[in-house]
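Notebook open, structure about to go up on the screen. I'm jotting down what I look up as I go.

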Amino acid sequence: MPSAVILEQTPDDIKLHNAKLVKVPKPTPNPDEALVKIKAVALNHRDIWILDGNYPKLVFNSVLGSDAIGTIAQLPDNHTLPSKNLKTGDRVLIMPSNGWISNPLGPEDETRYAIRGGSTSPGVYAHYTVNDQADLFKVPEYLTDIEAAALPLSGLTAFRALFTKGQVTKGQNVLVTGIGGGVALFALQYAAAVGANVYVTSSDEAKIERAKQYGAKGGVNYRHAKWDEELLQLTGGQKFHVVIDSANGANTGAILSSVLIFGGKFVSFGQTAGSFELGRLYFVRQISILGTTMGSRAEFEQMLDFVTKHNIRPVVGDVFHGLEKIPDAIQHLRDAKHFGKVVITVDGHEE
Ligand SMILES: NC(=O)c1ccc[n+]([C@@H]2O[C@H](COP(=O)([O-])OP(=O)(O)OC[C@H]3O[C@@H](n4cnc5c(N)ncnc54)[C@H](OP(=O)(O)O)[C@@H]3O)[C@@H](O)[C@H]2O)c1
């Protein structure tokens, strides 16, 4: 029997939930679905929030995981896939959420929107999944399976943050915070691809050096008390049109009051470092604070076209092998030693 990694609830006195490998029956697709044989999956920080019980609307015993690449293993007899030009055996990426089609403002129906994994939308840490045919997309041919697995959730989040929200264009100064993160590295690569001047922050000087290989002009350590002054020294005093941020927390005050230009954009999609006090300088300085999460199916398609056009290869930091290694891989992500995405190859498919 095939296996899957489910979200197991633990008693109240134990803080962390479990990512538990269990045997599950092979699923059967409905006429508008396809059976996908999973070849590789990738972690997201979201997995940590879920296992910490720090995520809304958890569905216990549901399969975990948002990012996967696989091949189409089975189509129902009266399937509708040919309209998408996909066939059995094709390599596909799975849309990492359900229920957001194309509205640029946000999901069309909030009550039906769900991010894949640990939720009402089945996850992908499994040997097999069934997915709506509309949620399957051909993998850009130049990407390996491991690279492709790294792309969906982070690649989409960075794309919407930079372009739909930040409206980043050539020649603008862009700061990406916490460059070791999976989303942050896509934001760096995308912004560099359109000709922006990209700077980064990190807790680790070695990561800043590595970021330069992907187009960063420089960076500073966000743990330094005067990181904002160091940053503006690097740019010769030039401030930033857009900041792409996944951290929030104590450093946000400096971003809003001194790092951004007048009328700059603070694009925020995470709170890895906690919340922040808004203060008053953001409105005095005409700053737009733009919240964003992942993106629509239409943006996912645009993101795939963009990545292909610019020949962007996801940065994969570490690769583990086998679904049973997912707890180890999650611990590795917790330790934040990674640079780029953490990917797990999936093998040993049983019927
Ligand atoms: N809203 C959405 O749709 C969405 C989508 C994806 C992710 N997120 C959120 O965005 C965050 C990042 O996700 P991810 O999957 O890219 O995470 P990840 O790969 O685990 O990376 C987290 C990174 O955060 C950075 N960081 C930690 N503390 C920081 C601070 N005080 N200032 C700046 N950076 C800091 C670290 O960068 P260094 O290693 O360089 O120090 C770390 O590598 C998470 O909070 C996640 O939940 C939200």
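This is a predicted model: local features need pLDDT of at least 70, side-chain atom pairs count only at pLDDT 80 or more; totals for chains, interfaces and linings use all residues.

I started with Asn-61, which counts as exposed at 54% relative accessibility. For my own bookkeeping, buried means under 20% relative accessible area, exposed over 50%, and partly exposed in between, with a 1.4 Å probe and protein chains only. Asn-61 has a positive phi of about 70° although it is not a glycine. I found Asn-61 in the loop between α1 and β4 (67–74). The element names come from DSSP runs (helices are H or I, at least four residues; strands are E, at least two), numbered from the N terminus.

Gln-167 was my next stop, with a phi near 50°, a positive value in a residue other than glycine. Gln-167 sits in the loop between α3 and β10 (173–176). Gln-167 is partly exposed, at a relative accessible area of 47%.

**Ground rules**

Residues are numbered from 1 along each chain as its sequence is written, and side-chain values use heavy atoms, with hydrogens and water left out.

**Glu-299**

I looked up Glu-299 in helix α9 (residues 297–309). Is Glu-299 buried or exposed? Glu-299 is buried, because its relative accessible area is 5%.

Then I went through its partners. The side chain of Glu-299 makes a polar contact of 2.7 Å with the side chain of Thr-164. A polar contact is a pair of N or O atoms within 3.5 Å; within protein, one must be able to donate a hydrogen and the other to accept it, and residues adjacent in sequence count only if both atoms are side-chain atoms. Another polar contact, at 2.9 Å, runs from the Glu-299 side chain to that of Arg-160. Not counting residues up to four places away in sequence, Glu-299 touches Trp-100, Leu-156, Phe-159, Arg-160 and Thr-164; contact here means heavy atoms within 4.5 Å.

**Salt bridges**

Side chains of opposite charge can pair when their charged atoms come close. How many salt bridges does the structure hold? I get eleven, each being a side-chain nitrogen of Lys or Arg within 4 Å of a carboxyl oxygen of Asp or Glu.

Glu-299 forms a salt bridge with Arg-160, with the closest N and O atoms 2.9 Å apart. Glu-299 lies in helix α9 and Arg-160 in helix α3 (residues 152–165), so this pair ties together parts that are 139 residues apart in sequence. Arg-160 counts as buried too, at 2% relative accessibility.

Asp-135 is buried at a relative accessible area of 2%, and Arg-116 is buried at 2%.

The side chain of Asp-135 also meets that of Arg-297 in a salt bridge (3.1 Å, N to O). Arg-297 lies in helix α9 and Asp-135 in the loop between β8 and β9, so the pair ties together parts 162 residues apart in sequence.

**Ligand shell**

Which residues come nearest the ligand? Of the 26 residues around the ligand, I noted His-45, Trp-49, Ser-202, Ser-203 and Tyr-222 as nearest (near means a heavy atom within 4 Å). The shell divides into ten nonpolar, 15 polar and one charged residue. In that scheme Ala, Val, Leu, Ile, Met, Phe, Trp, Tyr, Cys and Pro are nonpolar, Asp, Glu, Lys and Arg are charged, and the others, Gly among them, are polar.

I checked oxygen atoms of the ligand against side chains. One is 2.6 Å from an N or O atom in the side chain of Tyr-222. For Lys-207, the distance from an N or O atom of the side chain to a ligand oxygen is 2.7 Å. A polar side-chain atom of His-338 lies 3.0 Å from a ligand oxygen.

**Ile-344**

Last entry: Ile-344, in strand β17 (residues 341–345). Ile-344 is buried, with a relative accessible area of 0%. Leaving aside neighbours within four places in sequence, its contacts include Ala-40, Val-41, Phe-320 and Leu-323.
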